[in-house]
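Here is a short briefing on one protein chain. Keep the structure open as you read.

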Amino acid sequence: MRQGNTKAVRARKNAEAAFHASRVPLPSLMGNQLDRITHLSYSELPTGDPSGVEKDELRVGVAYFFSDDEEELDDRSLERSPDEEGVVDTLDELEYSAFCCHECIFSKVRAREDLRVYPVPTLLSMCKPGDVLELVASAQAPHWVVFEGEDQVIHLHKGEIRKDSLFDVSGGRRGRIANDRYRFRPLPPDLVVRNASGHLGLNHADVCWTSSESFAAWCRFGKREFKAGGEAHSAGQRYLLKVHLSESTVHTLVFRSLEELIRERRRVDASGILEELSLLDGKQ
């Protein structure tokens, strides 16, 4: 466990700073996002409406903001292990739900979703073109890909949109179909594949997504909110992310954009921040 007085003190200070910052009206756009949005050149697709409102009362809490240092979350080296066909497994993953206003837009909660993961050969037998796949492993942010057909997937990797074999991309990780993780209306499967393949070869400055998840989700749903700087902010706009630490303990994080919410959730998955949150919770 990564812990210690220094980490706990820093986390408490970050929480206090975020609390005070949350009392100040937010600007309509962050500076770097304003710069990026002026360079967007992709045609926007119709936006689907979210569905599936969660009835629980929202528990609005302090926003925890972590390091701004970008790290490569999708390329942790893993020893390649042979897949055992037909073996189904579960991982000890964090569970989340996310809301825009009172509408649930994302859910990864074991009690309501099937979070089983499968080795690549089994996963391929379940996939159809246009499916979004989520490759997972402990202490890593999930890697998301769009399934094109055969064993080929299109994904954002190290700042480049590329096509690879799922066997190569998996690196020993197991995966699942994640079509319903976001509760938006999906585009037709052929359009999802066309969205992905139409951006093959883009890299670095031409890429408008900050993670493999944002790119794959944009391909499937066509919502500009998944693009970096693609969302105009209003003063009262808030996204709420619930981190389900246990059945009785939920931390609610507050963000100004879907892009920020995705980035910080993935950072929590990859960095072990949960341990600091649990430590803070025990001291309250």
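This is a predicted model. E134 stands opposite R176 in strand 7. That pair belongs to strand 3 (residues 132-136) and strand 7, which are joined in the antiparallel sense over four bridges.

- Five strands make up an open sheet, and their order is 6-5-4-3-7. The pairing is antiparallel.
- Strand 6 (160-165) and strand 7 (174-177) are the edge strands. Each of them pairs on one side only.
- On average, neighbouring strands of this sheet are turned by 35° against each other, with direction ignored.
- Strand 5 and strand 6 are linked by six bridges, again in the antiparallel sense.
- H155 has R162 in strand 6 as its bridge partner.
- The hairpin of strand 5 and strand 6 has two residues between the strands. In this hairpin, K158 takes a positive phi near 50°.

**Helices on the sheet**

- Helix 5 (residues 189-197) lies across strand 4 (143-149), strand 5 (152-157) and strand 6. Helix 5 runs at about 115° to strand 4.
- Helix 6 (residues 212-221) also packs on the sheet. Helix 6 touches strand 3, strand 4, strand 5 and strand 6. The direction of helix 6 makes about 40° with that of strand 4.

**Helix 6 and its cover**

- How many residues of helix 6 are buried? The count is 10 of its 10 residues, and the helix is mostly covered.
- The buried set includes charged side chains by name: E213 and R220 are both listed. F215, W218 and F221 are also among the buried residues.
- G222 follows helix 6 and has a positive phi, near 70°.

**Helix 6 against helix 7**

- Helix 6 packs with helix 7 (residues 258-271) at an angle of about 135°. Their axes are 10 Å apart.
- Because of that angle, helix 6 is oblique to helix 7.
- From helix 6, the contact involves S212, E213 and S214. From helix 7, I262, R265 and R266 meet them.
- By type, the residues of this contact are one nonpolar, two polar and three charged.

**I154 in strand 5**

- I154 has its place in strand 5.
- Is I154 buried or exposed? I154 is buried, because its relative accessible area is 1%, and buried means under 20%.
- Leaving out residues up to four places away in sequence, I154 touches V145, V146, E148, I161, R162, K163, A196, S197, L200 and F215.
- F215, one of the residues I154 touches, is also one of the buried residues of helix 6.
- R162, another residue that I154 touches, is the bridge partner of H155.
- I154 and W144 are 10 residues apart along the chain. Their C-alpha atoms are separated by 9.2 Å.

**The chain as a whole**

- The secondary structure comes to eight helices and nine strands.
- The chain has 284 residues, and buried residues make up 50% of them.
- Of the contacts with a separation of 6 or more, 74% are between residues 24 or more positions apart.
- The accessible surface of the chain is about 13,900 Å². Carbon and sulfur atoms account for 50% of that surface.

Key
Residues numbered from 1 in each chain as written. Predicted model: local features only at pLDDT ≥ 70, side-chain atom pairs only at ≥ 80, totals over all residues. Heavy atoms only, no water. Pairing = 2+ DSSP bridges. Axes fitted to C-alpha atoms, helices over the stretch in contact; angles between N-to-C directions. Contact = heavy atoms within 4.5 Å. Buried < 20%, exposed > 50% of the residue type's maximum accessible area, 1.4 Å probe, protein only. Parallel < 35°, antiparallel > 145°, perpendicular 65-115°, else oblique. Areas by Shrake-Rupley, 256 points an atom, 1.4 Å probe, with all protein chains shown as cover.
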